[in-house]
Every structure is written in C-alpha cells, then in structure tokens.
Amino acid sequence: MRKFSKVMLFVLVLMLVMQGVWAQGTKETAAQDKTIRIFGAFRGEEAARFDEIIRIFNEKSGYNAVYEGSPEFETQILVQAEAGTPPDIAALPQPGIMHKFAQEGYIKPLSSRVIGMIDANYAPVWKDLGSYGGKTYGVFHRVNAKSFVWYPKKAFEAKGYKVPKTWDELRALQDQIVRDGGYPWSIGFESGNATGWVGTDWMEDVMLRTAGPEVYDQWVNHEIPFDHPAVKRALDYLGEIFLNPKYVYGGAPYILTTNFGDSVKPLFDKPTKVFMNRQGNFITGFMPQNIQDNLEEEVGVFPLPSIDEKWGTPILGGGDQFVVFNDKPGVQEFMEFLTTWESGAPWAQVGGALFPHKSQDFNDYGNSLEREIAKALVDATVFRFDASDLMPAEVGAGSFWTGMVEYVNGKDAKSVLSDIEKSWPR
Amino acid sequence: MQIQRDRERKELVVRTVVFTPFSIIVMVGGFLLLRNNPMSQILTTLFAIVWGTFSVLALFYSMNLIVQLFPTRKYNKIIPFVFVGPAILIIGWYLLIPTVRSLVLSFMNRNSTAFAGLENYKYIFTDSTMRTAFGNTVLWLLFGTAFAVFFGLLTALMAERSAIEKLGKTLVFLPMGISMVGAGVIWKFMYAYKPVGANQTGLLNALVVAFGGEPKSWLGTAPMNNFFLIIIFVWLQTGFSLVVLAAALKGVSEEIKEAARIDGAKEFTVLMKIVLPSIYGSIVTVSTTIMLAALKSFDIVYSMTNGLYGTEVLASQQYKQMFKFLDYGRGSAIAIIILLAVSPVIYYNLKEFNKREVF
C-alpha cells in the first residue's frame, strides 16, 4: 500500500508539471494560430484538386488553410455547429442549410470587401443564392451544370444519329435507337444515402422545360402544391422514358441499383448498346480512363432538348457555397480569394469543374467540352438552382428522392406526388 | 497498542491532507487543459488516457482516505456509496439526462421552440412510411430472432455430435467479428444486380443465371427485400447464440440423458423433454439479447438500402428525422417509442440474468 501511494503521488506530481508546461505552450501557439479549417462534402480526386487551389492561397498569404471532406458532411456539420466546434469555413451544398445556420446565427456575414467582389464578378443569381434575410453569407466557387446529355461520339456518329434539338427529335431518336437494337438511355439512381437525386435532377430539368422558370420557382417555394397538374405533367414526361424497359438499359432494377457514376460506363462498352446518359459536367470524371484521356474525340455532349419553345433550353445547376463560421484572421481573405479567377484557373485546366466567375478565361478549360458547357452556363438566359437543394430537407433530401425511387419501382404518379405533398413540413 | 493506533491515525491524516488536494488539482487542471484543447490530436489522446486513468484511481483512493477518517461502523456504511456513486453519476449524466431530454423534446416542435403536445406521436402512428417502419421492425424482431436462435441451436446440437466440432463452431462464430456495416458492404456483392446479358458480379444472380434464370434486383422488391436484409442479421447473430447455447448444452447432465435412453426414450424425445428444458434459461437470454439487437437494427438497413424500397425500420427513421430532416420532435418521439419497446425485454433479460448464471 505504501509503495502504491508513492507511485501515485509521483505520477500526480509529474502530471501537474506537464500541465504547467503545456499551459505555457498554449499561450504562445494561440497567438500565432494560422490554421484555417475548411470542411466539405467532396472527397478523393475533387478534394485533391481543391487542395491545389488552397496551396496557392497558403503560399501567397502565409496562412495554413486545410481542407477536410466527409461522406457524412450534412450530418457532421450540423452536429459540429450545435456543439460549438464548427470548422472555420464550410462548403454547404444546400442553400436550405445555409438559411438554417444564418437563422441560428452560427455563420457570419461576409465582409463588405468580399461582397463587393461578388457583385463585380458574379451574376446576381449567385449572390441571391448566398444571401438570407438581407445579408450575404455564401461565396460560390466550383459549380456544376446538370442539363446535359452525354454520348459516345464515335458509335453515335457511326450509326448516323443526329443530335436532337427538340423533344420530338429526341423521341424520334429514341425510337430509332430501339429499332437498331440498342438502348437509348443508361440511368443510375444509386448514390449511397442520397439515392434518388439523379431522378430529382431529371424531374427538375423537365419541370423547367414544360412549366417554365416562374412555375418552377413557385414549385420550389411551395406556392403550388407538389401534386399540382404542372408537376404531374413533368413526371409523366419522365415516365415515358423511365418506365419503358426498351428505352432504359436494364429497366427499372438497373436504374435503382446502379450507381450514378457507374451508369455512364456502359456507353463505352464495345459493341455499343447504350447511347445516352443525362448528367452534370462532373460525370466526365467517372468515365473510363482511356475515354477521359481522349475526351474530345470519344465523347459528345448536348443540352437536354427544349420541350416548350417558350422556355427555350434552360440550364439547371448546383454548387457548394462557402460560408464563414469563425471570423478569425485569414478567413475573409480566403473567401475573397475564392471570388477571383486565380482560384479557378488551375482547376479548370485539370478539368472536372465549372466556374461562374465573370472574369474567367474560357481558354483555361482543358478541353472543348467543358469550355462549351462553361460558356452555356455563364450565358444561359434561364439558370435555376437544383430544386431539391432548395426545398426543405424532409422533401429535398427525403420524400422527393424516395418518391422518384418509388415511381421507378412501379408506384403510380398520383400517389407518389401526393405522398411528397403530405411530407412537406408545415 | 494505543500509541501504535495513534501513530497510524496520524499517518492517515497526513496522507489524506497531502493527497486529496493534489488529486483535485490534477483532476480539475487536466479537465481545463483538455477543454482548451492546446495540443495536437495524438498528444491530447495520450494525455487523456493517462490523466483519465490516474484521475479515476486518485479519486477513489483519496475518497477512501477521507472515509477512513470516520469510525469503522460509519466507514462500513458509507464506503459502498463511495465506490458506486461515481459510476451512477456518470451513467446518470450520459443516459438518464439524455433520456429525460428526449422525452421532453418529443413533445416539442421540430426546433424544440414550442410545445407541440402529442403531434409527433400522432405523426408516428399515422404516417405511411412510419407504418412500414413499424411493420418491418416487427419482421426483424420475429424472423431475425427466431432464425438466429434456431440456427444457433441447430449448429450447437450438431457440433456436439460432430468430429469437426471446433472448426464448425469457429466458422459459424466468425461473422461475429464483422461489424454490421462491414457485413452490409460484403453482402452488397452477394445481392448485386446487372442487367440481362451483362456479367453478373453478384453471387446470387450469377447462380440464378447459371441455372438459366433471369437476374433479379433482390434488394429492390418489397416485401422480400426485408428478408434478404434479415438474412445478413441472422448470419451475424447465429454465432453468438451458438456459443452460448453450446456452452449450456455441455452443462446438461449426461446421467439424466443416459437414464432416459435406458428407459427407452428416442433421441428426439430426449432432446425435447430433457435437453431443451435444461437449457431453457439460456435460450431465453439469447433470444432477448438478439431481440434487442433486432429492435435497434440500423446499420444493415442504412448501409444496404438506406430504407428505400420499403425497407425502412424504426431506427433508420429516427436517424433520418433527427439528423437529415432536423426534426428533433419526431426523432425524439421515435427514440422514446423504441425505448418503450426495448424496456420490457431488458427487464425480462435482467431478471433471467439474475436468476440463473447463464453466461
């Protein structure tokens, strides 16, 4: 017992000393804390490319910005914010989450300098998407444009197919492909715990084309119910494709079980059986390596054709907005850096990203496909943000996703839409 | 005699006076230090482990010293509380307070800003997704538990008579070492679907196609997909029931079995009339333990289907309402329902646990 108490005493004294030493060290490090923590949802290759951008900032400014991505970002950021241990900057994919954080006072408004930069270098729509309650919180950096149809150029041209300009031409093309023994579409909904977003993207694209941007906005803001005839009409357009096993490779089971990234791969199988995949610009990163290496020769792309001439060919897009949780030194500088083309050019050169910056040089894009898409995005007369990211999470990340899955799985359009309507929070 | 006792007492007082303030300073100082979080992750972890361990030892040691200053009779009365007290306080802090808080939140609106009455509970019992979740949870409870216990018992009985007892048991027990999410990832490959004509990467569909059938989307068609998920659960839990039941079987008296056989009982009768009644207690404990796991089952559903295609269960709905839809009211209400459903099972389990020494 004596020995034991001596050992205990020794350890305790040792720990007291250690605490003292460390507490001394604390004061010094806190004063020169140059680390800026950035947290977001994207990982892997995308994160590696963003790290390159951060490196430029760090070299220029002397700060140490560090990016970390998590597949559970949406949950984690919430927990961190509520626990009072948020990152310094976060990249939020959904404007709805930004509204919540702004409401709760978790995020800080941007400095007037950064807002000035946004005014100068972005179309007004991006500032609106980053604002809540009269204050601007978010800076958009890399964005995506989703209304595009990708096709295997060589096989497509060898069969003599023409790029459709209108929905009727698209229908004719579909039937022609079926007659030739192929499948028009490869569609994959699977995406881990976000399964279904590919379906909602399709739906939004068609809504913009059949009902126009005003009705689209009413739909997003729940000024018309989710089971409104205009929405039903859009869903029926989708059903024509989704529910016809001749039009979709593998039919409904394939749609539901195939990962969105894998769904583009059959386009490049030899011999070609599948000809089209509707997806955002980021899909090029999921194509087989040999195709990626010869993107311009192997891949063709066209915007999803117009349905009603009145609304032309609108562009649907999305993107992460960066918001500030801690207004410590360097953070506003980083936000300012994101508004400049200097932060976009290196990524544009490697590919896989689009930017909304007005000051961008289209020649910086590494290939002609992305150059065209970037031009289409900046010049679009009608641009709308991904509706499901704007709707409340119960719908946008819940019943709308599951509704699309159930629709493909055989549930009738009417009950799908009325179920989503019922789930809208009151 | 008196002198020696006085000396011991003096020494005790000195030790208490020296030791107790030290412990308090270390405990509070370490806590404050950790809260300020000045060190790198590795240093923090190392410090927390060393500090935590020694703080606990120091706490008990110095409390014991203090209580020793009392006369022996009082010491005997106080000391049990000293030893159990901290544990009860910590459990109360981590379990009791959150439970009460969940109960309160379950009667509040989604941001917990206003009282909502029974609105959340009304939602739980009327919403169609919630009804599916209830139905599926019952499926999990019934079939998950029944099959896991049945197969565990079957393998235990067979292993007893088999030459490869150890190998067989090891193989059945092996999946216990795999996490539920890990199992989900593995079984995704079993159930994978590719269209007709393409190479089937999923084992099940490869077999079906090899025998001339058409590939199926196993996880996409309700209500069968629930059973495909439950199979994974059974695969994981059978090992647990096997181990416990095999141990219990070893305890069944050979003499009674022998006596029954001499009296002319068939093997099946021996099993039904002697073996099973003798291990009844173990069967109940295994069943209730697996039932608890089935009630809480979340990982498999989350990693395999995320509740799509009609596979939602209560736990996955709770997670979604709470962390995805940010509806703290509904999320908490579902948590309370699960707690209520679990409570009788836990109560029964503990009662059995106390009555017989099953493990």
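This briefing covers chain A, its interface with chain B, and some single residues.

The model is predicted: local features need pLDDT of at least 70, side-chain atom pairs count only at pLDDT 80 or more, and totals for chains, interfaces and linings use all residues. Residues are numbered from 1 along each chain as its sequence is written, chains are lettered from A in the order in which they are written, and side-chain values use heavy atoms, without hydrogens or water.

**Chain A overall**

- Chain A has 20 helices and twelve strands; these are DSSP runs numbered from the N terminus, with helices (H or I) of at least four residues and strands (E) of at least two.
- Its C-alpha atoms fill a box of roughly 90 × 50 × 50 Å along the principal axes.
- Of the 426 residues in chain A, 54% are buried. Buried means under 20% relative accessible area, exposed means over 50%, and partly exposed lies in between (1.4 Å probe, protein chains only).
- Chain A exposes about 17,400 Å², with 53% supplied by carbon and sulfur atoms. Accessible areas come from the Shrake-Rupley method with a 1.4 Å probe; for residues, only the protein chains shown count as cover.
- Among contacts in chain A between residues at least 6 apart in sequence, 75% join residues at least 24 apart. Contact means heavy atoms within 4.5 Å.

**Interface of chains A and B**

- 41 residues of chain A are in contact with 39 residues of chain B.
- The buried area is about 3,700 Å², and carbon and sulfur atoms give 71% of it. Buried area is the accessible area (1.4 Å probe) that two parts lose on being put together, summed over both.
- The count between the two chains is one salt bridge. A:Glu394 and B:Arg110 meet in a salt bridge through their side chains (2.3 Å, N to O). The term needs a side-chain nitrogen of Lys or Arg within 4 Å of a carboxyl oxygen of Asp or Glu.
- Eight residue pairs are in polar contact across the interface, both residues at pLDDT 80 or more. A polar contact is a pair of N or O atoms within 3.5 Å; within protein, one must be able to donate a hydrogen and the other to accept it, and residues adjacent in sequence count only if both atoms are side-chain atoms.
- On the side of chain A that touches chain B, α1 (2-31), α3 (73-83), α12 (251-257) and α19 (393-408) each give two or more residues. α1(A) gives the most, with 15 residues.

**Helix α3 of chain A**

- Its buried residues include A:Phe73, A:Ile77 and A:Leu78.
- Their cover includes β1 (35-40), β3 (89-92) and α4 (95-104) of chain A, together with α14 (314-324) and α15 (328-355) of chain B.
- Just after α3(A), A:Gly84 takes a positive phi of about 80 degrees.

**Single residues**

- A:Thr136 is in strand β5 (residues 135-136) of chain A. It counts as buried because its relative accessibility is 8%. Its side chain makes a polar contact with the side chain of A:Ser131 (3.2 Å).
- A:Lys159 lies in the loop between α7 (153-158) and α8 (167-179) of chain A. It counts as partly exposed because its relative accessibility is 40%. Beyond neighbours within four places in sequence, A:Lys159 is in contact with A:Asp180 and A:Phe275.
- B:Trp93 sits in helix α3 (residues 72-105) of chain B. At 59% relative accessibility, B:Trp93 counts as exposed.
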